[in-house]
Amino acid sequence: MCQTTPRAERELPVSREAPAMAREFLRNATCVEHHSEVVDDAVLLVSELVTNSVLHGGPPVVVAVDCDEDTLQVRVRDGSSALPTRRDAAEVEESGRGLALVAEMSSDWGVDPEDNGKHVWFVIR
């Protein structure tokens, strides 16, 4: 656990504004001492996961960030038990690349099902 920055989380509305709110939250909550070089990547990825939660999940949508000296972990929880699936979007499609971006840009990622929803998470080292 980071001694500089405690774990932080925020519940978001299920609305178009949620991805922007998640980006702002992550920029303010991320440990600048350890992770300033990866915050832009984390902001992009959290935006993708929150968008998926708004479009395909349901309330509550909660974003959380944890820091230690080596890793930055971001988790997005929503109230749907349906697990996300990574797909290959055609070049002409305007959406469908979120999980592919998460898989490509993060060190690790996954989905943790829960009784009342799921957490989709990623780690950047």
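Let's start at one pair of residues. Leu72 stands opposite Ile124 in strand E5. This is a predicted model, so keep that in mind throughout.

E3 and E5 run antiparallel, joined by 7 bridges. Now look at E5's other partner. Strand E4, residues 108–114, also pairs with E5 in the antiparallel sense, over 7 bridges. There, Glu114 has Gly117 of E5 as its bridge partner. The link from E4 to E5 is a hairpin, through 2 residues.

Stay with E5. How many of its residues are buried? The count is 8 of 8. Both faces are covered. On one side sit Gly117, His119, Trp121 and Val123, all buried.

Next, the core. As a general point, nonpolar side chains in soluble globular proteins tend to be buried together. Here, the largest nonpolar core has 28 residues. The residues with the most contacts inside it are Leu12, Val46, Val50, Val65, Val74 and Phe122. Which elements supply at least two residues each? From the strands: E1 (8–12), E2 (61–67), E3 (72–78) and E5 (117–124). From the helices: H1 (18–29), H3 (39–56) and H4 (98–105). H3 gives the most, with 8 residues.

Zoom in on Leu12. Setting aside neighbours within four places in sequence, Leu12 is in contact with Ala18, Met21, Ala22, Val50, Val61 and Val63.

On to the helices. H1 and H3 pack with their axes 8 Å apart, at an angle of about 150°. Their crossing is right-handed. Who makes the contact? H1 brings Ala18, Pro19, Ala22, Arg23, Leu26 and Arg27. H3 brings Val39, Asp40, Ala42, Val43, Val46, Ser47, Val50, Thr51 and Val54. By type, the contact of H1 with H3 divides into 10 nonpolar, 2 polar and 3 charged residues.

Last stop, the backbone. Most peptide bonds are trans. Where is the cis bond to look at here? It joins Pro59 and Pro60, with omega about -5°. Pro60 lies in the loop between H3 and E2.

Definitions and conventions:
Residues numbered from 1 in each chain as written. Predicted model: local features only at pLDDT ≥ 70, side-chain atom pairs only at ≥ 80, totals over all residues. Heavy atoms only, no water. Core = buried A, V, L, I, M, F, W, Y, C linked by side-chain atoms within 4.5 Å. Buried < 20%, exposed > 50% of the residue type's maximum accessible area, 1.4 Å probe, protein only. Helix = DSSP H or I, 4+ residues; strand = E, 2+ residues; numbered from the N terminus. Contact = heavy atoms within 4.5 Å. Axes fitted to C-alpha atoms, helices over the stretch in contact; angles between N-to-C directions. Left-handed = near helix turned anticlockwise from the far one by under 90°. Nonpolar A, V, L, I, M, F, W, Y, C, P; charged D, E, K, R; others polar. Pairing = 2+ DSSP bridges.
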